[in-house]
2 protein chains.
Amino acid sequence: MNIKTLSPSPEASTQDASATQRAYLAIRRMIVVGELPPGEKLKIDSLRSMLDTGASPIREALSLLTSDQLVERIDQRGFRTAATSLENFEEILALRCSLEDMALRQSIANASEQWEESLVLSHHRMVRESRDNIERFEERHKAFHMALLDNCGSSILLRFCSQLYDLNIRYRYLAGKSLNYQKKRDVSKEHEDILNAAIERNADLASERLLNHYRQTGAFLTGLFSTASEQR
Amino acid sequence: MNIKTLSPSPEASTQDASATQRAYLAIRRMIVVGELPPGEKLKIDSLRSMLDTGASPIREALSLLTSDQLVERIDQRGFRTAATSLENFEEILALRCSLEDMALRQSIANASEQWEESLVLSHHRMVRESRDNIERFEERHKAFHMALLDNCGSSILLRFCSQLYDLNIRYRYLAGKSLNYQKKRDVSKEHEDILNAAIERNADLASERLLNHYRQTGAFLTGLFSTASEQR
DNA sequence: TTTCAATAAAATATCGATTTTTTATATATA
DNA sequence: TATATATAAAAAATCGATATTTTATTGAAA
């Protein structure tokens with residue numbers, strides 16, 4: 001089988017795409033990573049000069065981000081990055097668990113050899129990337145998790161899951177350095193276990209492992225978040 | 001209790017909103033209602049003159065509609081209305097059933113007197129509107145269905161449900177006149193039964209009735225759609 | 001004929017300037 | 001001192017023109 005057809009390489013972005021597309025990806029990255037903090041006013045002009053482009057691409061990009069729920073738009077009053085809160089985080093986590101459970105089970109129900117192989121491949125790519133470049137790793141990490149769901153047969157559901165993933169990962173970045181904790185937990189092992197359960201087509205086990213994986217990180221972040229809020 | 005605080009009146013739109021907002025609502029309406037058929041190229045210039053506004057508001061509106069999945073954007077190649085297909089319809093229906101089931105159960109779990117009252121009110125408004133102006137009725141119809149879910153406590157889930165509702169209703173409009181069938185089925189009765197089960201806080205019954213309500217219309221539309229496709 | 005390349009037309013995407021709206025500041029009034 | 005009102009500054013929203021890209025057309029070569 002041709003690897004190329006199995007899954008497109010993660011590159012191929014930002015090259016000669018439209019200014020709107022570039023702006024979209026750049027701003028999105030900045031929000032997810034936390035370079036643009038939650039609740040921050042997004043001034044067209046600042047972004048315009050920052051990304052060295054016109055107002056139209058910026059505005060279009062922000063409009064797109066609005067539906068990703070990473071940006072809030074107030075008519076006539078501009079844009080700002082979405083606020084964060086403990087409640088919001090918990091809402092995202094809970095919904096994510098429900099939807100990913102659903103998608104994973106459907107994926108496994110539709111399991112095929114090709115899907116299996118794409119899982120192994122995306123897992124491998126994630127493992128190989130590890131450690132040095134965190135953003136790059138997160139990209140592969142997402143790719144692996146999405147690959148688990150990719151076979152569910154509903155592109156809309158996938159889209160929702162992808163959105164929720166990004167909303168969630170934003171909180172991980174916000175927690176930032178504290179995440180050294182992650183090393184105590186053996187996350188790699190958890191990934192392997194999920195992968196194996198999926199390949200064995202054991203939906204209950206795979207789902208259980210996946211949700212535990214999320215909930216553990218979730219509980220930790222929740223703790224962080226509430227202590228952080230109390231400090232103010 | 002003050003009615004005003006219970007639920008905002010459905011009006012208050014399109015007045016002195018921004019050109020973008022007006023364009024968004026107008027184009028969205030045209031797509032949902034079918035005035036802009038599925039798969040149709042959306043030329044900026046046509047829309048510009050049609051809505052008597054500049055290119056920027058149009059483009060922003062289309063960007064927003066992209067994430068509603070009512071419009072597809074092909075980078076550098078413009079926008080078109082989302083295509084329709086039997087598979088797409090069934091995907092929407094299935095996902096809608098899953099998510100609304102989830103939301104309705106949570107709504108009922110969180111049931112409160114105020115929620116109960118908002119249900120009764122939105123139901124009443126729908127019943128009063130009936131028959132003459134179809135678009136107006138559909139607005140109320142959506143309001144009622146969303147009111148059922150509104151108490152679920154997750155604004156993101158609500159948003160997803162709302163999106164799916166619009167995607168679905170589009171198919172109802174496409175089916176068009178054939179919907180006289182709806183009169184044979186006693187839809188009003190179905191609505192009442194759902195309302196009553198919700199008010200009695202019987203989650204299983206309410207959910208069962210709600211999903212049946214959707215699936216019956218769904219099965220009918222599926223039939224229509226497949227015969228229509230065969231004719232080509 | 002079919003295929004290809006060059007050109008012309010159309011449409012998208014982008015820019016820079018202008019208008020409108022909001023927000024901040026200063027001034028007057030109760 | 002607090003409240004309201006007028007003014008100035010800043011920012012958002014919009015427009016019209018230009019640049020870029022895609023799509024359609026034409027004519028030549030295989």
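Reader: I'd like to start with two helices. Is the crossing in which α3(A) passes α4(A) right-handed or left-handed?

Author: Happy to begin there. This is a predicted model, and in it α3(A) passes α4(A) in a right-handed crossing. The contact there is made by I44(A), L47(A), R48(A) and L51(A) of α3(A) together with A55(A), I58(A), R59(A) and L62(A) of α4(A). Sorted by class, the residues of that contact are six nonpolar, no polar and two charged.

Reader: What describes two packed helices?

Author: The general idea is that two packed helices are described by the angle between their axes and by the distance between those axes. In this case, helix α3 (residues 44-51) of chain A and helix α4 (residues 55-67) of chain A have axes that come within 9 Å and cross at roughly 110°. Angles of 65 to 115 degrees count as roughly perpendicular, and therefore α3(A) and α4(A) are roughly perpendicular to each other.

Reader: At what angle do helix α3 and helix α4 of chain B pack?

Author: In chain B, helix α3 (residues 44-51) and helix α4 (residues 55-67) pack at an angle of about 110°, and their axes are 9 Å apart. So α3(B) and α4(B) are roughly perpendicular to each other. The crossing of α3(B) and α4(B) is right-handed. Look for I44(B), L47(B), R48(B) and L51(B) in α3(B), which meet A55(B), I58(B), R59(B) and L62(B) in α4(B). By class, this contact of α3(B) with α4(B) has six nonpolar, no polar and two charged residues.

Reader: Now let me step back. How many helices and strands does chain A have?

Author: Chain A has eleven helices and three strands. Reading from the N terminus, the elements run α-α-β-α-α-β-β-α-α-α-α-α-α-α. Of the 232 residues in chain A, buried residues make up 48%. The accessible surface of the chain comes to about 11500 Å², and 49% of that belongs to carbon and sulfur atoms. As for contacts in chain A between residues at least 6 apart in sequence, 73% join residues at least 24 apart.

Reader: Is Q69(A) buried or exposed? And is Q76(B) buried or exposed?

Author: Under 20% relative accessible area a residue is buried, and over 50% it is exposed. Q69(A) has 17% relative accessibility, so Q69(A) counts as buried. Q76(B) has 62%, so Q76(B) counts as exposed.

Reader: Where is F137(A) placed?

Author: F137(A) belongs to helix α7 (residues 134-149) of chain A. F137(A) is buried, with a relative accessible area of 17%. From C-alpha to C-alpha, F137(A) and M126(A) are 6.5 Å apart in space, and they are eleven residues apart in sequence.

Note on methods:
Residues numbered from 1 in each chain as written. Chains lettered and ligands numbered in written order. Predicted model: local features only at pLDDT ≥ 70, side-chain atom pairs only at ≥ 80, totals over all residues. Heavy atoms only, no water. Axes fitted to C-alpha atoms, helices over the stretch in contact; angles between N-to-C directions. Helix = DSSP H or I, 4+ residues; strand = E, 2+ residues; numbered from the N terminus. Parallel < 35°, antiparallel > 145°, perpendicular 65-115°, else oblique. Left-handed = near helix turned anticlockwise from the far one by under 90°. Contact = heavy atoms within 4.5 Å. Nonpolar A, V, L, I, M, F, W, Y, C, P; charged D, E, K, R; others polar. Buried < 20%, exposed > 50% of the residue type's maximum accessible area, 1.4 Å probe, protein only. Areas by Shrake-Rupley, 256 points an atom, 1.4 Å probe, with all protein chains shown as cover.
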